[in-house]
Amino acid sequence: MKRLMFILIAPLFVLGCGEEPTIERYEVSKPVGYDWPDTALREAEVEVDGLSWVWEVPPGWIDAPEVPDRLLADYRFKGSTESLPGRMTVSKIDGDAGGVNANVFRWLQQIYITNVTGPGPKDKISEPMNIGVGEATFIELHGQYQGEHMPTRIAAAIVQIPAEGGGVYQTWFFKLAGDDATLEANRTGMAQMVLTFRPKGVPRPVLPGLETIDEGGGEVPEQATDES
Amino acid sequence: MKLSKDNPLTWLASLRLTVVLLAMSMYLIFVGTLAQVELGIWQVVEKYFRSSFVYVPFDVFRSLLYPGSEETWAYGHWFPGGFLIIGLLLVNLLAAHALRYKVTGKGNMLWLGYGLVLAGTSVTAYTVLEPKTSATIQQDVIVMMLIWAVPMTLIGVGCHYIFGSRKAGIVLIHAGIILMLVGEYITGIGATEGQMWIHEQGASNTIRDIREAEIAFVRDLGDGKEEHIVIPQAIIESAGENDEPITDTTVPVKVRVDRWMANTEKVSVDFEDGDRTQLLWTMKEKDAATGTEMDVDQPSVVVTLFDGEKRLGEYLLSTVGTVRPIQLELDGQTWEVSLRFKETHVPYTLQLVDFRHDKFTGTTTPMNYSSTLHLDAPESGESRDAFIKMNQPLRYDQKAFFQSGFFQQSALNRNLGTVLQVADNPGAWVPYLSCVVVTVGLCMHFVVSLLRYERRANASA
């Protein structure tokens with residue numbers, strides 16, 4: 001009888017067994033990309049302290065579903081992979097906001113470069129450039145790889161608007177984050193946004209190669225960047 | 001049929017065996033519950049319930065008898081695992097039916113009974129096997145009840161004609177229990193779980209099983225396609241233990257596993273050529289994750305790759321996200337080689353339109369997590385929006401996509417995207433169905449018993 005019991009129970013052990021693992025080769029389709037709306041070059045407007053400011057938003061850039069309180073604008077655009085879209089944010093702080101270096105260190109931490117004494121050999125910080133409304137400093141920073149969903153690069157512009165009695169009235173931050181390929185593909189878009197930043201009503205700056213809302217086309221020349 | 005006491009079928013069908021097995025299952029659940037003090041739920045499920053035998057360390061009782069004691073207890077005992085007990089219960093129940101439950105129907109009524117049971121079973125099978133109906137049933141309990149009301153009535157009436165009014169209810173109750181036992185086998189063997197990470201305005205068709213790793217060789221084929229060659233964790237571990245390189249012709253290089261580390265943490269050692277963006281990582285081995293915290297095992301492996309007899313180099317591959325995949329140039333083709341969590345690719349894409357992490361006003365206490373998604377299935381031409389929040393999963397392709405969490409850019413404390421838990425359980429419908437069958441059986445048995453009692457009361461009055 002015991003033998004019969006064993007025969008009855010034995011198949012149950014088989015049920016608990018799994019497949020032998022094997023090396024596999026397969027082909028897969030990449031994911032269908034996010035359905036980016038086909039937006040045209042447009043002008044954005046934001047009101048700060050009773051004054052309206054405008055800038056031009058490059059084609060294909062969309063507004064984020066929600067803009068965090070600390071930001072004035074938040075745009076998204078197609079990245080080089082579906083794992084990491086590009087992001088452009090605009091924010092403002094009264095005064096000089098600690099100056100350029102303090103913000104460079106802050107951004108370096110955001111891309112996981114910590115405990116450093118200054119920008120690295122690949123990083124670029126331009127000389128301040130007059131863009132009409134104030135002086136813009138263009139910055140490009142390289143960070144550490146933290147996985148496919150995390151940005152490794154930041155391209156930014158710090159625009160300091162002078163106060164009437166001297167000093168800095170406001171500091172505006174235009175910050176683009178993504179991976180290498182995304183940043184390379186959208187650098188001119190960011191430059192266009194910064195170069196067209198002005199109070200509403202002030203005529204659009206005439207700059208060679210700047211795209212226009214009416215006609216489209218044209219290219220923005222390489223922005224001035226210096227090795228720091 | 002009257003069987004002797006010595007007949008094995010009599011022994012297998014005995015109620016004593018049922019009671020012993022139920023007592024054993026209670027003990028197993030008890031020690032399994034205690035084991036969760038030290039182990040995560042998945043480890044316990046695999047070790048105690050989805051096994052034929054389990055070694056129960058006496059240490060599991062420490063937290064109950066001497067809470068706070070740090071001293072580990074030695075020894076333990078072997079005990080039948082969940083699969084073995086369930087299997088024996090199944091045999092016990094089937095043997096009891098073979099012995100004690102006889103067909104009492106006769107003639108046309110018997111055939112009518114068979115026909116009704118067959119019709120009810122067919123309709124029920126269709127509702128659980130047809131993907132859209134199955135998804136609808138699992139989404140809404142009321143709809144499930146309404147859809148199953150007709151087939152269950154047919155089965156109930158059919159059993160009545162086959163087994164007679166006294167036994168029909170009990171037969172249905174047993175059928176429901178058998179279904180539940182079989183369902184656990186289906187779940188134990190066939191169910192898979194994984195995670196899908198999607199960045200806001202990003203898209204994914206990849207599900208990752210964070211309990212198993214694989215070495216992957218990936219190359220771009222153009223036209224939006226990729227080739228993947230994957231070496232499962234079991235083969236990597238075996239190659240490491242046996243000191244035998246992996247020389248499968250499917251893999252573009254020979255892989256020698258120098259060191260397999262089941263769970264690791266990163267230690268940065270240096271910058272590559274003084275470039276601080278290119279950190280050289282080393283990995284420190286650490287104890288396996290117990291599953292009681294958020295941690296999961298993050299395996300790493302040191303491999304030496306050979307192109308034929310030519311040594312290409314020694315590489316550290318790791319599931320730790322900071323270690324970049326390596327690039328290999330072989331015969332004019334670029335391969336990306338990485339150690340990653342086991343991936344499954346689905347023939348459709350989920351795009352994340354918006355992720356929300358709502359908090360109670362003035363607090364950091366989460367009120368709700370939700371994801372607005374767009375589903376794009378080129379093969380079926382389906383393209384629609386979907387909304388997932390806690391306890392409201394998306395059911396598609398026989399899978400359930402649950403809102404599980406989110407990932408952040410830690411330096412900014414900013415949410416970047418959503419993490420979905422993807423459960424693929426071919427037996428997901430079984431517990432629902434078995435409960436309904438048992439309920440119908442209990443109702444029938446109750447009504448029949450009530451009527452019989454009433455008749456007796458009237459007769460004696």
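The model is predicted: local features need pLDDT of at least 70, side-chain atom pairs count only at pLDDT 80 or more, and totals for chains, interfaces and linings use all residues. Residues are numbered from 1 along each chain as its sequence is written, with chains lettered from A and ligands numbered from 1 in the order in which they are written.

Chain B touches chain A through 53 residues, which meet 43 residues of chain A. Contact here puts C-beta atoms, placed from the backbone, within 7 Å. Strand β5 (residues 225–232) of chain B gives the largest share of its side, 8 residues. Strands are DSSP runs of E, at least two residues, and helices are runs of H or I, at least four, numbered from the N terminus. That side of chain B holds 25 nonpolar, 20 polar and 8 charged residues. Nonpolar covers Ala, Val, Leu, Ile, Met, Phe, Trp, Tyr, Cys and Pro; charged covers Asp, Glu, Lys and Arg; the others, Gly among them, are polar.

Two strand pairings follow; pairing takes at least two DSSP bridges.

| Strand of chain A | Partner | Sense | Bridges |
|---|---|---|---|
| β1 (residues 24–29) | β5(B) | antiparallel | 6 bridges |
| β3 (residues 51–57) | β12(A) | antiparallel | 2 bridges |

Within chain A, A:Trp53 has A:Pro199 as its bridge partner.

The open sheet of chain A runs β2-β3-β12, with antiparallel pairing. β2 (42–48) and β12 (198–199) are at the edges with a single partner strand each, so one side of each lacks a neighbour in the sheet.

Chain B has 11 helices and 17 strands. Its C-alpha atoms fill a box of roughly 100 × 55 × 55 Å along the principal axes.

Key:
Contact = placed C-beta atoms within 7 Å.
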